Amino acid sequence: MTPYLDLFSRLIDGADGGKREFLEIGRLAGRFPAASVRSDGDADSISVWCSNDYLGMGQHPAVLAAMKEAVDKYGAGAGGSRNIGGTNHYHVQLEEELAALHGKDDALLFTSGYTANDGALSVIAGRLDGCVVFSDALNHASVIDGLRHSRAQKQIFRHNDTAHLEELIAAAVPDVPKLIVAESVYSMNGDIAPLAEIADIAKRYGAMTYIDEVHAVGMYGPQGAGIAAREGIADDFTVVMGTLAKGFGTTGGYIAGPSEVIEAVRMFSRSFIFTTALPPAVAAGALAAVRHLRSSEAEREQLWSNARLMHRLLDERRIPFISDQTHIVSVLVRDEALCKRMSTQLLDRHGIYVQAINAPSVRVGEEILRVAPGAVHTADEVRGFVDALDQVWTELGADRLPAAPERS
């Protein structure tokens with residue numbers, strides 16, 4: 001047994017980015033972005049700046065009330081898979097609501113965004129005989145795994161490079177099924193895919209399209225339907241995939257699309273069939289969040305106001321970040337050790353929690369502080385955050401931009 005443990009030890013020691021360290025926090029209900037963090041048995045208050053609960057819906061009164069009511073009515077768990085005793089009326093209502101949000105025939109819930117991509121793509125790409133998939137180089141690990149499990153032929157196009165995409169798709173056999181897979185908002189860069197160009201290429205070459213809107217649903221577009229809806233081209237994408245764990249503040253994933261595609265995934269997806277369904281209370285909370293955000297612009301307006309303010313303040317201080325297109329502000333450090341020191345100093349000296357992101361989440365040499373100013377922050381808090389980051393940046397001697405960059 002010991003030699004095997006030694007192998008795992010060497011695996012850990014040789015990993016890019018080193019060991020994963022997790023900060024134990026407790027988001028304080030009614031006070032988020034305030035949270036408690038445990039250190040030596042004592043709880044200290046901090047401010048969270050890297051949460052994916054971008055709109056604060058995980059603490060919204062309507063969401064909490066819906067979850068409490070569902071727990072009182074149906075208990076804690078679903079009690080089984082969707083096929084065997086686990087389908088609750090809240091699951092059905094939520095799928096109907098998500099289909100309506102995206103203007104699609106039908107929708108299907110999964111237990112996470114990861115299993116949604118893995119399970120859906122393994123069927124969509126894998127059950128089309130001879131399918132060739134064209135996938136963006138920065139697509140999420142769940143997309144990569146779904147395509148790997150599909151065993152379909154895969155072509156990788158350079159990130160957001162539609163000329164490269166067209167070059168690859170033009171070289172494919174004309175009459176084979178084709179599928180283009182991209183994200184609308186990329187989680188680490190915070191940039192947006194050229195969706196109109198992708199949709200145009202798909203039309204010209206007869207390809208299906210699969211768009212991951214995980215970091216856009218709730219936050220962008222009419223009623224929070226995402227970037228494709230914001231650009232008026234949602235109908236040009238065959239399948240839209242989203243999550244309930246970010247803008248909608250709960251947990252779970254879903255796909256929405258033509259009834260034939262959704263039914264095929266429902267019938268054949270292993271990650272859908274062979275797992276316990278989402279708890280009814282989670283589905284009830286997500287349903288409340290989706291309905292609220294379909295009728296409220298206040299959260300989206302506050303989110304974007306805070307993001308624009310942070311973009312401007314970072315530019316003024318010549319602190320580099322990757323993209324000003326979205327609410328994901330990836331401060332570019334490019335050094336693993338320095339990135340971790342920045343994160344530590346922000347927490348220890350300023351009570352600010354923002355996670356250092358290293359390999360394999362980003363490439364070695366592209367380390368970032370992934371900052372997410374949310375709808376729950378105030379403008380003064382955004383200013384305070386940038387002041388604290390500016391101080392740490394100076395103390396640690398990090399490189400600044402030579403001049404304020406011109407951003408498109």
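This is a predicted model: local features need pLDDT of at least 70, side-chain atom pairs count only at pLDDT 80 or more; totals for chains, interfaces and linings use all residues.
1. β4 and strand β10 (residues 253–257) run antiparallel and are joined by five bridges; Phe110 stands opposite Gly253 in β10. β7 and β8, on the other hand, pair in the parallel sense, again over five bridges. If you want a residue pair to click on there, Ile180 has Thr209 in β8 as its bridge partner.

2. How enclosed is β8? Four of its five residues are buried, so the strand is largely enclosed by the rest of the structure.

3. On to the nonpolar cores. The largest has 63 residues, and those touching the most other members are Leu94, Leu98, Phe134, Ile180, Leu244 and Phe248. Helix α11 gives the most to this core, with 10 residues. Leaving aside residues up to four places away in sequence, Leu98 touches Ala107, Leu109, Leu244, Tyr254 and Val290. Another core, of 34 residues, lies apart from the largest one; Val48, Leu369, Val386 and Trp393 are among its members.

4. Helix α2 is worth a look of its own. Residues 61–74 make up this 14-residue helix, which reaches 20 Å from first C-alpha to last, close to the 20 Å expected at 1.5 Å a residue. Val63, Ala66 and Ala70 are buried in α2. Viewed down the axis of α2, the buried residues fall within an arc of 65°, so they line one face of the helix. What covers them includes α3 (89–102) and α11 (280–295). The face turned away from that buried side carries the exposed residues Pro61, Lys68, Glu69 and Asp72. After α2 comes Gly75, with a positive phi near 90°.

5. Most residues other than glycine have a negative phi, and most peptide bonds are trans. Where are the cis bonds here? One joins Phe32 and Pro33, with omega about 25°; Pro33 lies in the loop between β1 (25–27) and β2 (34–39). The bond from Ala359 to Pro360 is cis as well, with omega near 10°, and Pro360 sits in the loop between β13 (356–357) and β14 (368–371).

6. Then the positive phi values outside glycine. Arg151 has phi near 65° and belongs to the loop between α5 (141–150) and β6. Arg151 is exposed, its relative accessible area being 79%. Gln223 also has phi near 65°, and its place is in the loop between β8 and α8 (227–230). With a relative accessible area of 31%, Gln223 is partly exposed.

Definitions and conventions: Residues are numbered from 1 along each chain as its sequence is written. Side-chain values use heavy atoms; hydrogens and water are left out. Helices (H or I, at least four residues) and strands (E, at least two) are DSSP runs, numbered from the N terminus. The expected span of a helix is 1.5 Å times one less than its number of residues. Buried means under 20% relative accessible area, exposed over 50%, partly exposed in between (1.4 Å probe, protein chains only). The arc is that of the directions from the helix axis to the C-beta atoms. Contact means heavy atoms within 4.5 Å. Two strands pair if DSSP finds at least two bridges between them. A nonpolar core is a set of buried Ala, Val, Leu, Ile, Met, Phe, Trp, Tyr and Cys residues joined through side-chain atoms within 4.5 Å.
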